[in-house]
Amino acid sequence: MAEKQKDKKELTLEIIDRLKKEYPVAECTLDYDDAWKLLVSVRLAAQCTDARVNVVVEDLYAKYPTVEALAEAEPEDIEKIVHPCGLGKSKARDISACMRMLRDEYGGRVPDDFDALLALPGVGRKSANLIMGDVFGKPAIVTDTHCIRLVNRMGLVDHVKDPKKVEMALWELVPPEEGSDLCHRFVYHGREVCTARTKPQCENCCLSDICPKIDVIENA
């Protein structure tokens with residue numbers, strides 16, 4: 001078991017190195033200029049593309065440009081704007097409750113504590129890690145669908161699909177300072193090369209010679 005974990009760590013470091021060269025700039029694909037806006041956008045991004053969220057929030061922030069303004073808004077009014085992202089009622093309800101909590105308990109600022117972030121309405125581990133890494137520059141691992149798919153294919157985890165279990169496994173393999181950027185690079189790679197809905201482009205992959213392609217073999 002120890003030897004297998006050592007092999008996974010070595011593979012992880014090689015993957016990190018190669019993806020750094022392939023994608024030198026690692027950034028969140030959600031547009032934001034304030035922490036609270038990233039909280040809103042990541043909630044809207046559930047079962048929706050980042051590109052669509054980036055368009056929808058323009059109208060939302062034009063009408064409600066601050067935490068306080070959005071906190072004052074009724075969920076029904078928020079829903080009218082965000083419904084193109086899907087699940088409009090629940091997303092609007094969470095956004096409203098979250099903004100009100102930020103206003104009432106944190107003076108309109110987003111807390112930089114992981115557990116405090118998790119206590120915000122509509123915020124799960126993925127969202128909290130994204131905020132911790134991108135906004136506050138702290139160690140973070142964001143286990144979105146791209147990350148989960150890729151690390152299973154690459155053999156960094158063994159047939160694990162639960163986001164929290166994948167996150168915990170990656171904390172054992174990924175240097176803390178690399179986690180946030182690596183997950184962004186997984187998103188880029190997952191969209192461009194190691195795709196979900198079409199056959200992965202292994203012939204164009206910078207990891208092809210070191211990747212066991214587990215899902216590809218299983219689904220062949």
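Visitor: Let's start with Y61: is it buried or exposed?

Guide: Y61 is buried, at a relative accessible area of 12%. Buried means under 20% relative accessible area, exposed means over 50%, and partly exposed is in between, using a 1.4 Å probe and protein chains only. A word on the background: this is a predicted model, where local features need pLDDT of at least 70, side-chain atom pairs count only at pLDDT 80 or more, and totals for chains, interfaces and linings use all residues. Residues are numbered from 1 along each chain as its sequence is written, and side-chain values use heavy atoms, with hydrogens and water left out.

Visitor: Which residue forms an aromatic pair with Y61?

Guide: Let me begin with the overall search, which finds two aromatic pairs in the whole structure. Rings of Phe, Tyr and Trp (its six-membered ring) pair if their centres lie within 6.5 Å; planes under 30 degrees apart count as stacked, over 60 as edge-to-face and the rest as tilted. One of the pairs is Y23 with Y188, a tilted one with 5.8 Å centre to centre and 55 degrees between the planes. Your Y61 pairs with W36, and that pair is edge-to-face, at 5.3 Å centre to centre and 75 degrees between the planes.

Visitor: Where do W36 and Y61 lie?

Guide: W36 is in helix α2 and Y61 is in helix α3, so their pair ties together parts 25 residues apart in sequence. Helices here are DSSP runs (H or I, at least four residues), as are strands (E, at least two), and they are numbered from the N terminus. W36 counts as buried, at 5% relative accessibility.

Visitor: What lies over the face of Y61?

Guide: That is K37, at 4.9 Å from the ring centre. A charge sits over a ring if NZ of Lys or CZ of Arg is within 6 Å of the ring centre and within 35 degrees of the ring normal.

Visitor: Back to Y23 and Y188, are they buried or exposed?

Guide: Both of them are buried.

Visitor: Switching to H189, which helix is it in, and what does it touch?

Guide: H189 lies in helix α11 and counts as buried at 1% relative accessibility. Leaving out residues up to four places away in sequence, H189 touches L19, Y23, L150, M154, C194, C205, C206 and L207. Contact means heavy atoms within 4.5 Å.

Visitor: At what angle do α9 and α11 pack?

Guide: Helix α9 (residues 145–153) packs with α11 at an angle of about 80 degrees, with their axes 8 Å apart. Axes are lines fitted to C-alpha atoms, for helices over the stretch in contact, and angles run from 0 to 180 degrees between N-to-C directions. The two helices, α9 and α11, are therefore roughly perpendicular to each other. Angles under 35 degrees count as roughly parallel, over 145 as roughly antiparallel, 65 to 115 as roughly perpendicular and the rest as oblique.

Visitor: Which residues of α9 and α11 meet?

Guide: From α9 there are H146, C147, R149, L150 and V151, and they meet C183, F186, V187, H189, G190 and R191 in α11.

Visitor: And what about α8, which residues are buried there?

Guide: In helix α8 (residues 125–135), the buried residues are S127, A128, N129, L130, I131, M132 and G133. They pack against α2 (35–44), α7 (114–118), α10 (163–171) and α11 (179–192). Just after α8, G137 takes a positive phi of about 65 degrees.

Visitor: Which residues have a positive phi although they are not glycines?

Guide: Q47 is one of them, with a phi of about 55 degrees, and L87 has a positive phi of about 50 degrees. Most residues other than glycine have a negative phi. Q47 is in the loop between α2 and α3 (50–63), and it counts as exposed at 75% relative accessibility. L87 sits in the loop between α5 (75–82) and α6 (88–106), and it counts as partly exposed at 46% relative accessibility.

Visitor: Last one: where is P121, and what is it in contact with?

Guide: P121 is in the loop between α7 and α8. Leaving aside neighbours within four places in sequence, P121 is in contact with D94, A97, C98 and M101. The C-alpha atoms of P121 and I95 are separated by 7.4 Å, although these residues are 26 residues apart along the chain.
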